Amino acid sequence: MSDLFASVQFWLGAAFLMCFQIGKYGELNEQDEDLKPWFGAVPNLRARHFLGGLQNYIATLLLFLVATFAGYVVACLISPSIISGWQRVTASPTAAENIKAYLDSVPYPLFIAAAFMGLTNQSIPGFSKVANLQRDVFHELVGVPRMVATTATTMSIQLLAKHPSDADRIKQIQKWTSPVWQNDLRNIVDLSFYDTELKRRANALSNFQKTQADLLVLFRELVYVMAIAAARNGGGADLRRLARELGVGLPERKDPFKELIVGALISVVVLTVLCFGIPMAAPLVDWLNGSTPLSFWPQGNNALRASSIYVASQCIPVLIACGFLFVTLPTAQAHATTNLRGVIEKNAGKLLMIMCAVIVFDYAQLISDYGIYNPYLRSAPIQLCFLDTYNITHSIISVSVCVVLLHYLSRGEAKTPGVSIIYILAIAAVALTASCFYGLVRLRYDFRVGVTLDYLFIVCLLNLVAAMIALFMSQSLYHGRILKSEVN
């Protein structure tokens with residue numbers, strides 16, 4: 001990593017990529033079918049029009065750039081090892097060495113940056129779409145522009161129902177275009193933007209009484225213009241103030257991703273402590289292991305590197321699986337009493353997707369390990385890629401933990417503050433049993449050695465910690481969700 005950060009090519013690629021992403025973040029996804037009707041009402045809209053001022057726009061842009069830089073660093077570190085490992089698995093050793101020498105000779109960071117920007121050969125399918133996907137995800141998280149579009153639609157529907165006749169709607173349009181109304185909204189909306197849009201519709205405002213269809217279109221457009229003007233002035237807060245001025249109500253906006261921030265922060269802290277704590281615990285584990293020397297526990301000069309790989313391979317799949325579960329599980333389903341069989345049958349599709357995701361993650365890490373450590377192949381490439389069942393065994397750990405969490409949530413346990421001691425013991429027992437089984441399978445059939453306590457201990461410890469994080473995360477997420485749903 002130190003060689004990468006000392007590379008001029010890396011920082012040059014980062015500079016190009018950041019400039020590209022600044023422009024990308026300002027764009028809106030004009031292909032969104034739900035939003036296409038609104039883009040014609042106010043042309044030339046950018047993301048900054050929906051974020052309540054320059055300060056909010058810069059803050060979200062900086063987060064976007066930080067996420068981009070993190071992904072760029074990971075791609076520069078991991079991609080060469082995955083490519084090299086894949087060559088070792090699928091090609092001859094000579095070809096693998098040739099591709100490794102080629103990767104070392106080319107400005108790889110610049111190639112990664114160019115691939116993100118869509119400037120490389122189209123033989124890398126989908127890689128140039130990453131920037132658009134990242135932009136769309138960030139826009140969705142901050143409500144750009146969907147929050148304004150859905151809010152304007154909600155307000156329009158309520159206002160149309162509140163003013164059903166053409167005469168009432170004409171009266172409202174005349175009110176919204178009057179200086180008195182603009183003066184009432186001076187602290188809520190961006191008046192310069194609102195006044196400009198009214199002037200742009202001057203011809204329509206003077207002839208809107210021709211047909212009922214024109215009246216309806218103009219009515220909706222003015223509501224949308226007011227919503228954008230409010231978002232430009234103060235974001236979501238001013239949108240709600242505008243709704244109160246219009247005499248309509250807005251539903252509470254649900255954001256499942258935002259609720260995962262605390263859990264993600266706790267996970268990062270705990271995993272960081274584990275990365276450094278595991279090598280420091282080597283003398284204690286050696287003492288507990290007795291006269292048998294440590295075979296798998298991280299120690300020596302490369303202890304921190306080995307510890308990080310253990311943490312990534314054992315903890316990350318469980319946390320990714322549980323995060324996917326929390327995002328996709330509806331609140332109503334989180335407190336519907338049912339038995340264990342019913343829980344599994346109702347969520348079989350989610351559990352299958354979790355299993356597949358863990359298997360893909362394990363294969364990617366395996367191929368990366370071949371590229372980093374340059375080991376010899378213990379099996380034929382076809383067996384390694386398609387017949388290796390160790391990754392399936394590993395995915396059972398994540399699936400088992402998710403089943404316990406689903407049962408915990410389906411029984412309404414998250415409704416009460418705190419985590420039930422019964423489920424703490426249950427998820428610990430399930431995680432330890434599945435992890436121990438996986439460890440024994442790997443020791444006997446993959447490593448072909450006897451029972452090694454230090455390997456079993458580190459595998460069970462890491463999966464147990466990840467399962468506990470997931471359990472307490474589910475409690476913190478769904479306790480508030482269930483109470484809110486009951487109030488509503």
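Student: At what angle do α16 and α20 pack, and how far apart are their axes?
Tutor: Helix α16 (residues 303-328) and α20 pack at an angle of about 40°, and their axes are 9 Å apart. The axes are lines fitted to C-alpha atoms, for helices over the stretch in contact, with angles running from 0 to 180 degrees between N-to-C directions. One caution before we go on: this is a predicted model, where local features need pLDDT of at least 70 and side-chain atom pairs count only at pLDDT 80 or more, while totals for chains, interfaces and linings use all residues. Residues are numbered from 1 along each chain as its sequence is written, and side-chain values use heavy atoms, leaving out hydrogens and water.

Student: Why is α16 called oblique to α20?
Tutor: Angles under 35 degrees count as roughly parallel, over 145 as roughly antiparallel, 65 to 115 as roughly perpendicular, and the rest as oblique. The angle here is about 40°, so α16 is oblique to α20.

Student: Which residues of α16 and α20 meet?
Tutor: On the α16 side you have S313, Q314, P317, V318, A321, C322, L325 and F326, and on the α20 side H394, I397, S398, V401, C402, L405 and L406. Contact means heavy atoms within 4.5 Å. By class, that gives 11 nonpolar, four polar and no charged residues (Ala, Val, Leu, Ile, Met, Phe, Trp, Tyr, Cys and Pro count as nonpolar, Asp, Glu, Lys and Arg as charged, the others, Gly among them, as polar).

Student: What makes V403 buried?
Tutor: Buried means under 20% relative accessible area, exposed over 50%, and partly exposed in between, using a 1.4 Å probe and protein chains only. V403 has 14% relative accessibility, so it counts as buried. V403 sits in helix α20 (residues 390-410) and touches L340, V343, I344 and L351, not counting residues up to four places away in sequence. V403 and C322 are 81 residues apart in sequence, yet 10.0 Å apart in space, C-alpha to C-alpha.

Student: How do you know that α11 and α13 are roughly antiparallel?
Tutor: Helix α11 (residues 191-200) and helix α13 (residues 212-246) pack at about 155°, with axes 9 Å apart. That angle is over 145, so the pair is roughly antiparallel. The contact is made by F193, Y194, E197 and L198 of α11 and L222, V225, M226, I228, A229 and R232 of α13. These divide into eight nonpolar, no polar and two charged.

Student: What makes D190 and R232 a salt bridge?
Tutor: The term asks for a side-chain nitrogen of Lys or Arg within 4 Å of a carboxyl oxygen of Asp or Glu. D190 and R232 meet at 3.0 Å, N to O, so the pair qualifies. D190 lies in the loop between α10 (179-184) and α11, and R232 in helix α13, so the bridge ties together parts 42 residues apart in sequence. D190 is buried at 18%, while R232 is partly exposed at 22%.

Student: Why are D195 and K199 said to be about one helical turn apart?
Tutor: They are four residues apart in helix α11, so about one helical turn separates them. K199 is exposed at 59%, whereas D195, at 26%, is partly exposed.

Student: How many helices and strands are in the chain?
Tutor: There are 22 helices and zero strands. Helices (H or I, at least four residues) and strands (E, at least two) are DSSP runs, numbered from the N terminus.
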